Structures are given as structure tokens and as C-alpha cells.
Amino acid sequence: MNKENLRKIIGLRHELHEYPELSGYESETKRRLMNFIEANTRLAVIDCGKWFYASRYVEGTKAIAFRTDMDALPIPETLEIPHASKNPKASHKCGHDGHSAVLCGFALELDSLPVERSVYLIFQHSEETGQGARECSGLLRERSISEIYAFHNWSGWPERSIVVREGVCQFASAGITLMFEGKTSHASEPEKGLNPAYVIARLISEIEDMKDALCTIVNVNVGGRNFGISPGNGEISLTVRAEREAEMRKAYNSIISRAEELAANHSLSLTKKGSDYFTDTSSDSHCVERVRTAAKSLGLQIIDMAEPIRASEDFGLYTKLVHGAMFYIGNGEGYPPIHTQDYDFNDNILETAVDMFTEIYADSVIK
């Protein structure tokens, strides 16, 4: 990678880190990224509302795409770093600031290369909630894109290693909130009310024993610290995960059915609200081989991932439509995990990621 380009994207990454925005609200982040590409490249930049793409079009060629995400997490910044978040309610604890800087670095490299195949760089919003890919993936059909690639930084693997897996590489998941409504009564006369706490406790116990999916309870709320009141309302929120979308949906529907049964048996009404739906993310064998070829040409360590990652990634929606691959770049074996307060994107892998995208593109042109 051109060293001046590397210097530019390190600065851009730090700037993005200082001004994080949550899913669905990435307007300033989008503006910064669009301005960077317009100021530093000749690529066409197309504003699509909450997201945008940059492209070079070559008549008569099958298009290839590369995708990044740009939203932050609702985790307060606690690190004392020069580029610390200035938003007290958000920070880039998943590394999407680095992902976006990498795609901008790739745009810089593309600008100095002979472009022999149409290429689209997708800057996607709202990955953390699973909404962004739903709105962006239509571009694949619209522009006849035949293959797509993305990477994610990941801690626990050697720094700059390339990690791949054919088939499912990240679980499907979905969130659900179950809201039970009964009847409030005095705490001394609970028999005169309908307290949902016992139904919720029963449901929690049964969820813990489920074998066909991973269910994580993320929130429980029943009543308050009012010792004279037996509450009449309560809710539970959980995430359901499984390797395949069909398995996840089966477990998800099973939980809903059981909640409906328990509510009916205890004369409670039930309201259900789903959120954060992710299909499984799968990588095509041909595209994984292209990633391997790129890594080999760069002399990078290649690791075959034995099992899928349980965390979800909405990139799976793209690979349901066209061939594609998600690969991972190691932050370091002892590097702080993503989604934790100690994490900050590892700038040492920026060049690795840009070089990987550049090699993947070059290989796609040759073959």
C-alpha cells in the first residue's frame, strides 16, 4: 500500500473514532467518508440516503463489490487515547471506524490502478441492528454485481493473520421481547392480581434447558422496588442464535409458542416484538479460494476457522443473493475483544486489509 495513503487512512480512522454515531444515525460519518473519497479519488460517489457507494464502471464486465459498515455501539468510551470518542453515549467498539477507513484506503489504491472490471464500494449503515444490508443489498441486482467481499477484525488470532471458513462462518440470530400484562394488586393480596413474574421465571428456566439453539437473556423487568405492590406487568428480552437460519427460526418460534401457552394458562395477555434479525453468514468456496490466493501472494498466515463465530453479521444477506466471502483479520492473540470498553481498532492491520482487497480485485480481473 502507498505509504502516503496509509497515513491518510490512519488519520481518517482516528477522526471517525472521535465522532461515532449509532445505527441509523450515521449522517455525519457518511458525510466525512463521502468527502474523503471525493477529495482524494476520481471514483463516482452516489448518495443513497442513509448509505452510499463509490464506483468505477467498465462496460461489458461483471461487477465486483466490497462492503464496509460504519455504525458505532452504545458503549461509553473509557480509554485515554488521543482520538477518544467525543460522544458520551457511543464509541467504535466493534471497529467499524477501521473497516470504513480500509475501504477508503482501497479507493485510494484503485484510483492509481488500471480498472479493468466494474467495482463498487458499499458503505453500509446499521450493521449492528441488521437493518443496513436489507436496504443496501438491492444494489447487487441493480448493478449486476456477481461477487462481494468484506472483512471483520477479530481478536484472539495472530496479528495480521487471515482467517477463513467455507460455508457458514457466522450464526443466524434474532432478538425478541415478550411483554406480559396481568393485573396489579396489593402485595399482601397477590391472589387478587395477576403477577407475571412467575410465568417469566418459568420461561427463563425452560429457556436455560434448550438444546437446539443458544438463547441469551439480555433483559428482564418486572415491577419495581415497591414492597407493597404485586406488579401486573413484566417483560423479558432475549437473543436466539443457531448456526443455520432455519434452526434459529425453529427455536425462536418454539419460545413464542411456549410464552403464548404460559400466558394463556395464567390469564395474562402477551405482546411480542422482534428485532435485530440476522440470517447466517456463509462464504462461497470459490470466493474463499480467492481470499486464500490474495493472502498467499502477500505472505500472510492463513487460518482455517474450525467452527462458525456465534456473533451475527448482516453481510449474510448479500451472500444469499450472490457469491461472496467474509474473511477475518487477526488483531492479536491477546488483543482486547470487540464490544468491550478496552477495545480500539488495531491500526497495524489497516494496511493488511487494504492490500487484501487490492489483491482480491486484481485476482478477479485475471481470472
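## Largest pocket

Ala, Val, Leu, Ile, Met, Phe, Trp, Tyr, Cys and Pro count as nonpolar, Asp, Glu, Lys and Arg as charged, and the others, Gly among them, as polar. By these classes, 13 nonpolar, 13 polar and five charged residues line the largest pocket. The model is predicted: local features need pLDDT of at least 70, side-chain atom pairs count only at pLDDT 80 or more, and totals for chains, interfaces and linings use all residues. Numbering starts from 1 along each chain as its sequence is written, and side-chain values use heavy atoms, without hydrogens and water.

A pocket is an open set of points on a 1 Å grid over the protein atoms alone, where a 1.4 Å probe fits, with protein on both sides within 12 Å along at least five of seven lines; lining residues have an atom within 4 Å of a point. The lining counts 31 residues, with Glu128, Arg241, Asp276, Phe278 and His339 nearest the centre of the pocket. Strand β8 gives the most, five residues.

## Strand β4

Strands (E, at least two residues) and helices (H or I, at least four) are DSSP runs, numbered from the N terminus.

Pairing takes at least two DSSP bridges. β2 (52-56) runs antiparallel to β4, over five bridges. Ala54 stands opposite Leu121. β3 (63-69) pairs with β4 in the parallel sense, over six bridges. Thr68 partners Phe123.
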